[in-house]
Amino acid sequence: MGKNREVITDYYGTYRLPVNFIEINDQIVISKVIRKCGLEVGDIILTVGDKSIDELLDDRRKYISQSREDTASLFFLDLFRIEQKNTDVTVVRRGNTMNISSVGSQEDISFMIDTKSQELENGEIYYINAGLLKYGEIDKIMKKWWNTKGLIVDLRNYPSSSLTYELAKYLIPSEKIFATASAPNRAIPGEFYYIEPMISGKPQETNDEVYKGKVVILINEHTASQGEFATMSLRNADNSIVLGRPSAGPDGDIRIFMLPGKIKTAISGFGVFDPEKKPTQRVGLQPDIRLDPTIEGLMEGRDEYIERAVELIIDGI
């Protein structure tokens, strides 16, 4: 809560700079302009209003929950909240420092990757945007693109359909543990125990073949919760590789409760671990190959994640 009991979002302002941003080399860089506001893709933010970007980051982190310092959806949504519609923003643009009179907006901000699922490389590769899938679409995709050289599974969006089990049955020849969880012992406060492990893959009673092509799984700091479970599940495929940046680390269920003063908050109801029982919460999943976008790539309108994934499949890495 903010001063006089306003919610945090109102406390920081009802306007937002209508942009997406990304952290590159400890700099906050504009990655997408949602509405014309004076800012451009590739701008490196130095100040917003009378605060430096470091002051803004420190200030927001005091009040906005985040699993790690470099991520969290609420943090990304609220970093550029402002009280007035117009504000001065100092940026570095193509090597030049300049002051921009930027225009805020009250529309919602989305960090969603909007590239549609589609064939690439003349049908040799199929790209799946997990955030745009419809119910039952995975079955249709796998039947139609079964003989492709590779699949790109983009989990930078929150999955709209569960891939954790639906896609795994086409990729993993038998059921395999991909995660385990711990739950609190209500009889003994402070004691926890492991519950039944989570398993995905082809059921043992079937003899169907699995997909033979390469599978590249894309993750970044927006990959969270169901997206992280899907990553852990699909990376069990023998021919899979995880590309990108560490995931957000807030996986697990949500338990909502009230604090004194009718303040509503939530925590994870159980702990989540990988098959080796290493924690994933507040840590995130680590990619097999790290990839950090570049300012040059952003300015050229390229998706360097998809480009690199195509290279890995074509080169057979």
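I took helices (H or I, at least four residues) and strands (E, at least two) as DSSP runs, numbered from the N terminus. The entry is a predicted model, so I kept to pLDDT of at least 70 for local features and to 80 or more for side-chain atom pairs, while totals for chains, interfaces and linings use all residues. Residues are numbered from 1 along each chain as its sequence is written, and side-chain values use heavy atoms, with hydrogens and water left out.

**Confidence.** With pLDDT as the predictor's confidence in each residue, from 0 to 100, I noted a chain mean of 91, and 94% of the residues reach 70 or more. Residues 1-5 stay under 50, and the model has seven contacts for them beyond four places in sequence, a contact being heavy atoms within 4.5 Å. Where pLDDT is low, the predicted coordinates should not be read in detail.

**Pocket and cavity.** On a 1 Å grid over the protein atoms alone, a cavity is a set of points where a 1.4 Å probe fits but cannot get out, a pocket is an open set with protein on both sides within 12 Å along at least five of seven lines, and lining residues have an atom within 4 Å of a point. Points are joined across faces, edges and corners, and a volume is the space filled by probe spheres set on them.

I read a volume of about 560 Å³ for the second largest pocket. Its lining has 23 residues, of which Ser31, Ile113, Arg156, Leu298 and Asp303 are the closest to its centre. Two or more lining residues come from each of β2 (19-24), β3 (27-33) and α9 (304-315), and β2 gives the most, with three.

How many cavities of 30 Å³ or more does a search of the whole structure find? I found one, and the largest cavity holds about 40 Å³ of space. Its lining includes Arg16, Leu17, Val19, Phe21 and Phe76, and β2 and α3 (73-78) each supply at least two of the lining residues.

**A loop glycine.** I placed Gly123 in the loop between β9 (118-120) and β10 (125-129). Leaving aside neighbours within four places in sequence, Gly123 is in contact with Trp145 and Thr148; Gly123 and Trp145 are 22 residues apart in sequence and 8.2 Å apart in space, C-alpha to C-alpha.
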